[in-house]
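Subject: Structure for your files

Dear colleague,

Please find the structure below. My notes on it follow.

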Amino acid sequence: MEEMEVLCHDSKQLKLKFLKNKNMMMLTIKKYRLIVLMIAFSVFFTACKKGWTDHNAVTDPNLNINLYQAIKQYSGTSVFTSLLEKTGYDKILASSKSYTVWVPSDSALANLPASITGDTAKLKKFVANHIANGPVQKSDTTQKRIPVLSGKYINISTTQFDSATIISPNQYASNGIFYKVDKYVPVIDNCWDWLNNSTTVTNSKTFLLSLNYNYFDSTKGVQIGVDPNTGLPVYQAGTGITVRNKFLDNVMDISDEKSEYTFIVLNDGSYTTELTKLTPWFKTSTTDSTNTLAGSWLVKDLAFKGSYSAAKLPDTLISQYGVKVPVDKTKITASYKTSNGWVHVMSQVNFNLTYKFPPLIIQGETPTSFAADRTAQTFYRARWDSVNNRGFNDILMQNYSYASYWINYLVKNVNSMRYNAYWVAINDIQTTPLWTQRLAVDSTTTTGNFAYVTVAYKNYTEVSLGQITIPRFKNINLYVVGANTSSSSGGGTSISLDYIKLVPAF
Amino acid sequence: MLVPIKIIPCVMLAAAVFTADSLYAQVQKATGGKNTSKDNSITANALTVSGTIKDAATGKPLPTINISVVNFSAALTDEKGNFTIKIPNKSATLKVEGEGFQTKEIPLKGQKTIVASLYEESYNSIYDNVKLPNGDKLGSQTVYAATSIYTDGNWGRNNETADGFLQGKASGLNATMRSGTPNAGAYLALRGINSLYANNQPLIVVDGAIFDINDYGTSVIANHYTNALATIDPKDIENITVLKDGSATYGTKGANGVIIITTNHAKQLATKIDFAAYAGINYAPADLPVMKAADYRVYLSDVLKTRGWTDAQIQAQPYMNDNTSNADYYRYHNETNWQDQVLANTPTNNYYLKVTGGDNIAKYALSMGYMQGNGITKSTSLKKYSVRFNSDLNISKRLTAATNLSFTYYEHNLKDQGLTPKTNPVYLALVKAPFLPINQIDDKGVVSPNIADTDTFGVSNPSAVIANMIDNSKSYRFYGTVSFKYKLTNSINIGTLLGLTFDKTREQRFVPRKGVANDTLANAIADSRMAGSVKRLNALYNETYFEFAKKYNYTSDLNIRAGLRFLNSSNEQDIALGYNSATDDFISVGTGVTSLRKVMGDIGKYTWLNYYASVDYAFKNRYFLSANVAVDGSSRFGPDAVQGIKIGGNSFAVMPSVAAGWLISSEKFLADNKFIDVLKLRASLSKTGNDDIGNYTYKQSYVAQNLLGVQGLVRGNIANPALQWEDNTKFNIGADVAILNERLNFSIDYYNNKTNKMLVFETLPSASGFSTVVNNSGAMKTTGIDFNVNARIINKKSLKLDAGVILMLYRNKVTSLPADIVTNYGGASMLSTVGSSGAVFYGYQTRGVFATDADASTAALTKKSANGTMVGYGAGDVRFVDVNGDHIIDDKDKVQIGNPNPDFTGAFTSKLTYKSFSLDVLFTFSKGNKIYNGIRANLEAQSDADNQLLSVNNRWRTQGQVTNMPKATWGDPMGNSSFSDRWIEDGSFLRLKTISANYNLPLKSTYLVKYISFYVTGNNLLTFTKYLGYDPEFYSAETMFARGVDVGLEPNYKSVIGGIRIGL
């Protein structure tokens, strides 16, 4: 005799003894017994539950409640729970998306300032500053800076949420995870907002904000029609205009929350000092434009990638323009932590002028114009300098049959200062005859300081050409002028140029 | 279950020895006593015996019952049920027959007065006629394990195909419903498995000729099976005999047993008209518990987080934006139950008319059927028309003829099934995001009548597949046999039978571009897809035979039959594929882009020749001996086959068999026994074969090959001229018992089938240029026990209750293979290796999920990532079992994780008759078979944006969480959803397959209407199972390697059908 376990998924599994052996069957079958058996079968089976109920049963009580309920139930989180309810985030945490919440403990929130609790908008942002989309695992070391619902980004580690330390990790609910932390993380300004809200640094602020401009953003404009003539969209007047800033556009977007920055702001006195230093080299027709140019030149090297607190500042920072900025920590008058890095207010920054004003190098192979079309006689070469072991590109013109032929180079934004001029002009093709050529500034005919210079055979070194003074901050035209003869016999009239170098002579 | 198996063979063996000895002794005695037998018969002439025949239910005497001693004497009972009849000797056997009653044999055993009782004709009796290849035999006299099923018109269960009808009807026959698709029928397996690569279904013989049930070629409709047995209406079937051994005369076609189907012929000359009409409802299955929009969105935000998208990218998705003024809001904030969109309750109806009658010269049975039924998948339907004309002709006194002509045509509108994730509507309904709408929605939330297109996740719209995709199959089969029999002398007949099969299936498929995800071809993107296919099967069958039957001295019967069978079969399939028609209105292949059109096909022809001879000898109706031999030739056999004989350069298989039976209950020493009615021991040993080795496999073939734009032919295989049939040796020992005045009948059989020369695709060294060669280098064996019992529990005139149990079990074991075989199907891996059952699930073992990183680093398991580096498992990953201890989870850690073979299967049947009311109940069950739930594996994979099961809510979320559901990770880099024991489920089930109630309206016999019956039948009303899919019963594909792999076919469904039957 054997027992056959009847298939049933009820936890209280009944067992039905089914007599299978023929002899037993013969002895035990009596009238109606099988009927009773079958009725018992039916009743018993209909009592069974479907296997799915067991398989799908959420056995973990945590998964039966949503994040809001889980936080509410958790001990020592009642203050934050009430804040959630007050701001409506309880409904968001109960909704069908997953979140991660860093819940400041009751004791941490005990001293929450009234400036936050009293202002609904601020409070909302404060609560949102502790909530992130999707599950954020404590063990996940690939994420160091995560976006939270306030729009800010928060630095996290396996133990920290910004400056707060995780006390109870890995609490979970059906739609996310929460951590209990020992501090709250207030919503603070980013570097740019700090400047906007600053009341202490007038000069820097005034100048940087003066770089604001209006920009039409078509994605934000309300389209009201299409111009029948051009086919272009027509936007409702006054829409789509946004304010942008040239500093943020061109130097560094320190309003960006995703990354971290260190922003040095010069205090009013030092801003004036530094600006005064720079103005002679930005002489223009108006004082305003001079100040704007000099100011731009000043601030372009004051924003850096990476977050450096005052204690962690190195002695030299390198701006994205390659300018070495020496940092004298004793000159820091104040430091501010922002949501995306640090702002340091300094009373002095001693720029190294050789870095601030690097030499101007004009490559020979990038001419602006020519005296005449001599395409067939123009060679843009890639050659090897066997003396200095470097490859170089240059321009070489031969047999162009044109007296005082010239090649023009436009050099933009040349400071109003004195420059020593050098060139590298290479003749690696003929020992004889050697040709002559000269440099000219703003005019091909005025000889000025520059006389004809013979281009020696295989001279790869810089040749000093003389000095030039630029009276005003402007664009200048440089010319390389060939010999004043139209004869082209034997390559005696040629022009070559690797580069021209203008080195500031302060 | 292991214990009984081991004990039973010992008992059986002992019995076999005993039987054989006594048989031998009896034969000796018989020959020794030959001289005196004549005297016996002379004195016997004076012998008479008298007795009374009663009704078994009421105990009242039965008049006009025919009593006979075959070929000797006959008598009728009088009104008191008494009779007197002459008998040839004291040990003769009386045959008792009567209109409306069972046929019975009564061995006299020296008794002078007989009291016997008869059950009604439909009683499931051990004496029932069995239709064997050599002719009819009473069940009490057969030496084979054969089950004879009288369908009795099958009026209650009218919605079945012939194969589905066989469920729970015969022990040893495992009929597994392929799917719930109408017409799909059941996969038939007689006594387990005999082959890995060759056919495992029994040979079907209908009206004397071989009925080819193979689905040749491939369907252009995904996972569609064209079931030839669906062309036989079960209402046309008179008898089905399931022959588990004794199939040796069919030679190399008999390895899997034989099912002999006999269709209705007219029994009476009077004209009889039966008409039946039915209508019913098919019920869509219960929804699988997939996530609703809220849970799904939480899952989605979890899984997208692991995709490498930034928070901003995720929040920018329209479905994450809950602002109602957002333009996409209404398109991504819905709650759609997609399963409701594809599954529905549908109506079904059918009509049937049968006319029988005739005269002395010709009798006919004409039947016509029409059925119309919709599947539970929306917009699927089946229309079937069938007609049959059977006749019996007495052409002359000696020459008789019979015809069985049938024609069935059906039109089937289908949908893709199985793992076709872009076009299977049911699968799509499970994975489609629930927040998406069915129809297009504009920015203001106004719903358009147009169906929404493929969604942002690249998932097709199930409603588009339902509405606009075409999967259409039209099929017909003409199947006819004509037979002639000439009576040469009283003991000699010669006969011939001609069978013809014409079968054609035409399929059309169209996948629209709108709403269905694109496919990628080798050199194009396929938006709309068209396909057409035509399949043909023509078969010619002939059997010509010589029969000799004689009785000697009324003590011994000799039957000899010899003949030859010939089968010529050819099949052809032509497929055309087209892509990218101009618009979704152009649906035929020709409208596709010319350069993408593809045409292919398949052709197969073979001839089979079978010479057979069989001798049946019965002595004193107690001792039975049968010996057969078949000599088989086939165009499929290689000329250098190792086994068999050579005739004219061809290989012929020689298949002998011998069987013996001893009817112990007819022995004199049991004469006084009133307890045992029938006790018969049987044993058989036979050699059969399986010729399903491919039509041209042994030959050398060439295939077309393109190299740098140059076309040429290259070798396609390595020829194996020694390729032969699979050799199958069957040993069977069994007993048939009836006791307590036939109130309790049972049979038990033990069998042992050994397959030698089993077909194997042997792996070749790569230097050969081929991956495999086909060889007869495997072997397997299957042993098992079949048991069935039928009991009349209540036997009153107006109240009768029958109950029966069928129980069968088998154990399969591969005994020889050149190398382990690992096959993949539907996401599952199967291992066939020596010492275990063929094709068992082979994958990783799991032990839950790592709760913390600390747990994971303690286990220190690693996995080779896609770029070749070793990656450690972390918290939330599945803890796979590192079987070989090398801390690397790879193929070497795979083990056998489940056996798709059941521990046992069977059925409970019960029939309750109360006056004019009757109730039939059939339960089927399977115990211990394992199923790979491929659908659940996809719905718990957590690797993409597909909707998941509710169980995924239990997924690992954070450190320390103890759960068995791993974390959601996009792309599943750690293989958490690999084929493992996570998806292996217990497929055991107990199912109320059918419950059918019938009420016969009592009518006075003078009415024109002979009878009116009402039926109500419920199918699959109750299923008890732990299995988590739609349904635990399915057969995904016609191969060993697909067993137990749930790829998501249409599930079996509940249905209720009511009908009326009228007889005129």
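Chain B holds 11 helices and 56 strands, where helices (H or I, at least four residues) and strands (E, at least two) are DSSP runs, numbered from the N terminus. This is a predicted model, in which local features need pLDDT of at least 70, side-chain atom pairs count only at pLDDT 80 or more, and totals for chains, interfaces and linings use all residues. Residues are numbered from 1 along each chain as its sequence is written, chains are lettered from A and ligands numbered from 1 in the order in which they are written, and side-chain values use heavy atoms, with hydrogens and water left out.

Chain B overall

The C-alpha trace of chain B spans about 110 × 70 × 60 Å along its principal axes. Of the 1064 residues in chain B, 59% are buried (under 20% relative accessible area; exposed is over 50%, partly exposed in between; 1.4 Å probe, protein chains only). Among contacts (heavy atoms within 4.5 Å) in chain B with a separation of 6 or more, 70% join residues 24 or more positions apart.

A sheet in chain B

Strands β52, β51 and β55 of chain B form an open sheet in the order β52-β51-β55, with mixed pairing. Its edge strands, β52 (984-986) and β55 (1045-1046) of chain B, each pair on one side only. Two strands count as paired if DSSP finds at least two bridges between them. Strand β51 (residues 930-933) of chain B pairs with β52(B) in the antiparallel sense over 3 bridges. Tyr932(B) stands opposite Ile984(B) in β52(B).

A loop residue in chain B

Thr336(B) sits in the loop between α6 (329-332) and α7 (338-342) of chain B. Thr336(B) counts as buried because its relative accessible area is 11%. Apart from neighbours within four places in sequence, Thr336(B) is in contact with Gln341(B), Pro434(B), Leu436(B), Pro437(B) and Ile438(B).

Chain A

Chain A has 15 helices and 29 strands. Buried residues are 43% of its 506 residues. For contacts in chain A with a separation of 6 or more, residues 24 or more positions apart account for 68%.

Regards
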